[in-house]
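Trainee: I have a structure open and some questions about it. Can we go through it together?
Mentor: Go ahead, show it.

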Amino acid sequence: MFQAKARADTLKEVVNVVSTLVDEVKFSVTSEGLVLRAVDPAHIAMVDMSISKDAFEEFKADETEIGIDIDKLSQFLKLARGDDVIDLKHDEDKRRLNIVVGDITRRMSLIDTTGMSDPKVPNLELPAKLTVNVDDLVQGIKASETVSDHIALIATPESFEMTCEGDMDQVNWRKAKKDMESLETPSSVRSLFPLEYFSNMLKAVPSGSAVTMHLGNDYPVRVEFKIANGKGEVRYLLAPRIESGD
């Protein structure tokens with residue numbers, strides 16, 4: 001059983017976070033809220049999200065699983081204003097999610113979750129940890145998008161910087177430790193990523209939010225931030241290979 005009421009802007013935040021990586025997802029529902037773990041088709045990026053029941057206007061649920069087509073949900077949510085309250089109810093007999101926005105009801109068929117395993121969260125020891133405003137990061141990303149399709153993230157005890165280098169041009173964004181919320185690293189680390197992945201992740205972060213990143217050398221990075229007025233937590237992971245669960 002699952003039935004809830006939620007503000008449209010809360011649901012839109014959830015959809016934005018997930019749609020950066022996957023089109024179809026499995027929500028694990030409990031009496032305490034929703035949990036989702038999903039890996040993109042290339043097994044490079046992972047989203048690990050938990051939404052507390054406190055993020056909802058009303059929430060009643062037993063333990064269950066719900067498979068959602070994110071694109072269908074996203075299209076329907078475009079009908080709602082941010083302050084609209086949306087009714088959600090799981091019709092278990094017909095395997096549908098009934099969604100009500102004002103006078104409109106959408107009876108959305110659900111995806112079979114039988115073959116949708118939970119990915120394994122890699123146990124990574126990442127030496128650098130920093131917190132910075134997402135709007136600053138997005139500014140650096142926008143400046144880099146016309147230069148190259150990869151971006152380097154570099155953390156030192158004194159600063160954090162993003163560098164993008166093309167055949168002819170280079171963009172460098174740098175923030176000193178004194179101008180950041182926090183920066184902890186015992187030594188310099190440098191990671192190189194596909195710019196598109198990193199850019200899409202940051203675009204899903206609500207403007208003005210603090211983003212915490214954990215960096216290692218060569219590739220892995222973990223990005224953490226809050227959604228749903230602090231009632232939801234999101235963790236993105238970029239790594240060379242993320243394994244699916246059993």
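Trainee: Where does threonine 113 lie?
Mentor: This is a predicted model. In it, threonine 113 lies in the loop between strand E9 (104-109) and strand E10 (128-133).

Trainee: Is threonine 113 buried or exposed?
Mentor: Threonine 113 is buried: its relative accessible area is 15%, and the cut-off for buried is under 20%.

Trainee: What does threonine 113 touch, not counting residues up to four places away in sequence?
Mentor: Threonine 113 touches Lys26, Glu65, Ile66 and Gly67.

Trainee: Let me step back. How many helices and strands does the protein have?
Mentor: There are 4 helices and 18 strands. The radius of gyration is 19 Å, close to the 18 Å that the globule rule gives for 246 residues, so the protein is as compact as a globular protein of that length.

Trainee: And what box do the C-alpha atoms fill?
Mentor: Roughly 55 × 40 × 30 Å, taken along the principal axes.

Trainee: What share of the residues counts as buried?
Mentor: Of the 246 residues, 50% count as buried. As for the accessible surface, it comes to about 12400 Å², and 42% of that belongs to carbon and sulfur atoms.

Trainee: Which residues in the largest nonpolar core touch the most other members?
Mentor: Phe2, Met49, Ile68, Phe160 and Tyr236, out of 74 residues in that core. Helix H1 (residues 8-19) supplies the largest share of this core, 6 residues. In soluble globular proteins, nonpolar side chains tend to be buried together.

Trainee: You listed Met49. What does methionine 49 touch, not counting residues up to four places away in sequence?
Mentor: Its contacts include Val14, Val17 and Val18, and also Ile227, Glu233, Val234 and Arg235. Phe27, Leu34, Val35 and Leu36 are on the list as well.

Trainee: Back to helix H1. What about threonine 10, buried or exposed?
Mentor: Threonine 10 lies in helix H1 and is buried, with a relative accessible area of 7%. Leaving aside neighbours within four places in sequence, threonine 10 is in contact with Ala55 and Ala228.

Trainee: Where is alanine 228, then?
Mentor: Alanine 228 is in the loop between strand E17 (221-227) and strand E18 (232-238). At 5% relative accessibility, alanine 228 counts as buried. Alanine 228 also has a positive phi, about 55°, although it is not a glycine.

Trainee: What about histidine 43, what is its phi?
Mentor: Positive, about 60°, and histidine 43 is not a glycine. This residue is found in the loop between strand E3 (33-39) and strand E4 (45-52). Histidine 43 is buried, with a relative accessible area of 17%.

Trainee: Now lysine 5. How far apart are lysine 5 and alanine 55 in sequence and in space?
Mentor: They are 50 residues apart in sequence and 9.6 Å apart in space, C-alpha to C-alpha. Lysine 5 is found in strand E1 (residues 2-7) and is partly exposed, with a relative accessible area of 28%.

Trainee: Which residues is lysine 5 in contact with, leaving aside its neighbours within four places in sequence?
Mentor: Phe56, Glu57, Glu58, Val85, Ile86 and Asp87.

Trainee: Last one, on charge. How many positive and negative side chains are there?
Mentor: There are 30 positive and 43 negative side chains, and the centres of the two sets lie 4 Å apart.

Key: Residues are numbered from 1 along each chain as its sequence is written. This is a predicted model: local features need pLDDT of at least 70, side-chain atom pairs count only at pLDDT 80 or more; totals for chains, interfaces and linings use all residues. Side-chain values use heavy atoms; hydrogens and water are left out. Helices (H or I, at least four residues) and strands (E, at least two) are DSSP runs, numbered from the N terminus. The radius of gyration is taken over C-alpha atoms; the globule rule is 2.2 Å times the number of residues to the power 0.38. Buried means under 20% relative accessible area, exposed over 50%, partly exposed in between (1.4 Å probe, protein chains only). Accessible areas come from the Shrake-Rupley method with a 1.4 Å probe; for residues, only the protein chains shown count as cover. Lys and Arg count as positive and Asp and Glu as negative; His and the chain ends are not counted. The place of a charge is taken as NZ of Lys, CZ of Arg, CG of Asp or CD of Glu. A nonpolar core is a set of buried Ala, Val, Leu, Ile, Met, Phe, Trp, Tyr and Cys residues joined through side-chain atoms within 4.5 Å. Contact means heavy atoms within 4.5 Å.
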